[in-house]
Amino acid sequence: MPKFKSECGYEMNLSDIPCTFEYILLSEEKVEYLANKIEERDLDVDQFFEICDTNSAKVYKCPNCGNLYIEGTKGNFKVYRPSLV
Ligand SMILES: [Zn+2]
């Protein structure tokens with residue numbers, strides 16, 4: 001069962017589909033493109049997920065500490081920690 005451990009020690013279970021902890025980072029440009037395709041009825045569900053998968057970064061969000069782990073190239077992750085501005 002795949003798991004991802006946050007810096008705080010919380011273990012995210014990644015085996016559920018859809019996964020509670022997983023988000024995708026998709027540009028507004030691609031969202032607009034998808035919306036236009038849907039409006040034109042020129043996109044089916046498989047194409048929708050294909051475009052999302054190939055144009056987004058995988059993100060895990062820890063529900064305990066709020067850290068975001070964003071997948072980079074080669075499948076590695078960078079951590080982004082919440083801070084007040
Ligand atoms: Zn955490």
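In what order do the four strands of the open sheet stand? I read the order as β3-β4-β5-β6, with antiparallel pairing. A reminder to myself before going on: this is a predicted model.

Next I looked at the edges. β3 (22-26) and β6 (77-80) stand there, and each has a single partner strand, so one side of each is left without a neighbour in the sheet.

- **β3 with β4.** I found β3 and β4 (residues 56-61) paired in the antiparallel sense over five bridges. To get my bearings I picked Tyr 23, whose bridge partner in β4 is Val 59.
- **β4 with β5.** I counted three bridges between β4 and β5 (residues 68-71), again in the antiparallel sense.
- **β5 with β6.** I see antiparallel pairing over four bridges for β5 and β6. Glu 71 stands opposite Phe 77 in β6. This pair is a hairpin too, with five residues between the strands.

Which residue in the turn between β5 and β6 has a positive phi? I found Lys 74 there, with a value of about 65°.

A note for reading side chains along the strands: in a regular strand they alternate between the two faces of the sheet.

After that I stepped back to the whole protein. I listed two helices and six strands. Read along the sequence, they follow the pattern β-β-β-α-α-β-β-β.

How does the radius of gyration of the protein compare with that of a compact globule of 85 residues? I have 15 Å for the protein, while such a globule would be near 12 Å. Along its principal axes, the C-alpha trace spans about 45 × 35 × 25 Å.

I looked up burial as well, and 2% of the 85 residues count as buried. The cut-off I kept in mind is 20 or more other C-beta atoms within 10 Å of a residue's own.

My last entry is on contacts. Taking those between residues at least 6 apart in sequence, I noted that 47% join residues at least 24 apart.

Definitions and conventions
Residues are numbered from 1 along each chain as its sequence is written. This is a predicted model: local features need pLDDT of at least 70, side-chain atom pairs count only at pLDDT 80 or more; totals for chains, interfaces and linings use all residues. Two strands pair if DSSP finds at least two bridges between them. The radius of gyration is taken over C-alpha atoms; the globule rule is 2.2 Å times the number of residues to the power 0.38. A residue is buried if 20 or more other C-beta atoms lie within 10 Å of its own, exposed if 12 or fewer, and partly exposed in between; C-beta atoms are placed from the backbone. Two residues are in contact if their C-beta atoms, placed from the backbone, lie within 7 Å.
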